[in-house]
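Here are my notes on this one, as numbered points. Have the sequence and the model open while you read.

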Amino acid sequence: MPLRPRDFSEIGPKEGERFPDVRLADQCGTIVDVHEARAGRKALVVFYRSAEW
Amino acid sequence: MLPRLRAERVALFAISYDAVEVLRQFAAERGIDFPLLSDTGSAVIRQLGLLNERVHDDHGAYGVAPNPRHLGVPYPGAFLLDERGVITHKRFHTSYRERETGVGLVAHVLGVTASGSGPAAEWKADGISIRASLDSPTYCWFQRLRLDLTIALADRFHIHGRPAAEGCVPLSLLVAPLEGVEVGEVQWPEPRRLADPETPDECWVHHGTVRASLPLTFTAPAGGGDRIVQVAVTYQPHDHSTSLGPSTVRLELAVKEVALVGRTLPSRT
């Protein structure tokens with residue numbers, strides 16, 4: 001049974017918008033601010049299900 | 001992929017709802033040195049509107065029983081940000097299980113062809129060469145690979161595109177049916193109209209270097225083993241004002257199965 005498609009252009013931050021400010025702990029427990037950490041470079045921000053399953 | 005990202009000066013971040021300790025172990029096991037961000041409780045995932053609220057519906061499609069750990073997952077995908085932090089590309093998937101290879105995603109968003117790591121096969125004749133490749137040498141369950149096709153034509157040749165004039169065979173790319181593999185639609189470039197006073201019909205042709213791709217999604221459960229992707233490219237060349245007969249070139253690409261992270265492949269008897 002095929003899944004119903006979703007319009008991802010309307011889900012989440014949109015192309016042309018500034019990526020929101022995100023501050024989360026990394027794998028070392030250090031708080032990382034994404035915009036600060038990319039330091040003026042391009043960035044690829046990947047959302048994935050889980051590192052465990 | 002990572003050396004390519006570093007060369008292009010692209011910072012990489014990955015976000016999931018896993019706890020810091022889970023990520024620490026995962027990074028250590030896999031030798032990951034870019035930030036894996038811990039969104040425990042999925043606050044950021046929710047705030048950004050990326051919470052997958054239809055996981056249970058999807059489970060019905062996959063025959064998977066609901067499980068509390070399934071709640072809080074995001075839709076899988078990625079954002080590419082430019083130097084100002086503005087989103088320039090966004091790739092997300094309908095299913096929480098489908099995901100492109102890292103190389104495939106990066107290649108797409110950076111507009112580059114990621115060559116070298118996946119299997120490739122080439123065929124050459126006088127005035128034409130055809131190359132097919134996959135963006136990964138391996139696949140795992142529910143991974144989506146990209147099949148790339150490059151046709152290079154000498155100046156004296158065009159090949160028929162769509163819509164094809166009467167009696168002409170348009171360029172086509174067919175992948176032989178593979179159990180457990182969903183073959184997506186080919187994305188062709190726009191053909192050009194051929195101005196030929198001797199031809200009363202409209203004639204749409206490709207010339208120079210023609211690039212196309214299609215997605216292959218490996219949906220069958222793990223244990224499928226190594227696979228051979230069989231590709232057939234049919235083309236009809238147009239040499240000056242003459243259409244030559246159509247030809248079909250067959251190429252094979254071998255891809256190996258690997259286990260999902262943290263799993264082993266089922267033993268095969």
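**Notes on the model**

1. R193(B) stands opposite W204(B), which sits in β14(B). The two strands here, β13(B) and β14 (residues 204–206) of chain B, run antiparallel and are joined by 2 bridges. For the terms: strands are DSSP runs of E of at least two residues, helices are runs of H or I of at least four, and both are numbered from the N terminus; strands count as paired if DSSP finds at least two bridges between them.

2. A word on the basis: this is a predicted model, where local features need pLDDT of at least 70 and side-chain atom pairs count only at pLDDT 80 or more, while totals for chains, interfaces and linings use all residues. Residues are numbered from 1 along each chain as its sequence is written, and chains are lettered from A and ligands numbered from 1 in the order in which they are written.

3. Back to the sheet: its order is β13-β14-β10-β17-β18 in chain B, 5 strands in an open, antiparallel arrangement. β13 (192–193) and β18 (242–243) of chain B are at the edges with a single partner strand each, so one side of each has no neighbour in the sheet.

4. Chain A has 1 helix and 3 strands, in the sequence pattern β-β-α-β.

5. The contact (C-beta atoms, placed from the backbone, within 7 Å) takes 41 residues from chain A and 53 residues from chain B. On the chain A side, β3(A) gives the largest share, 6 residues.

6. β3(A) also pairs with β1 (residues 10–16) of chain B, parallel, over 6 bridges. There, V45(A) stands opposite F13(B).

Notes: Two residues are in contact if their C-beta atoms, placed from the backbone, lie within 7 Å.
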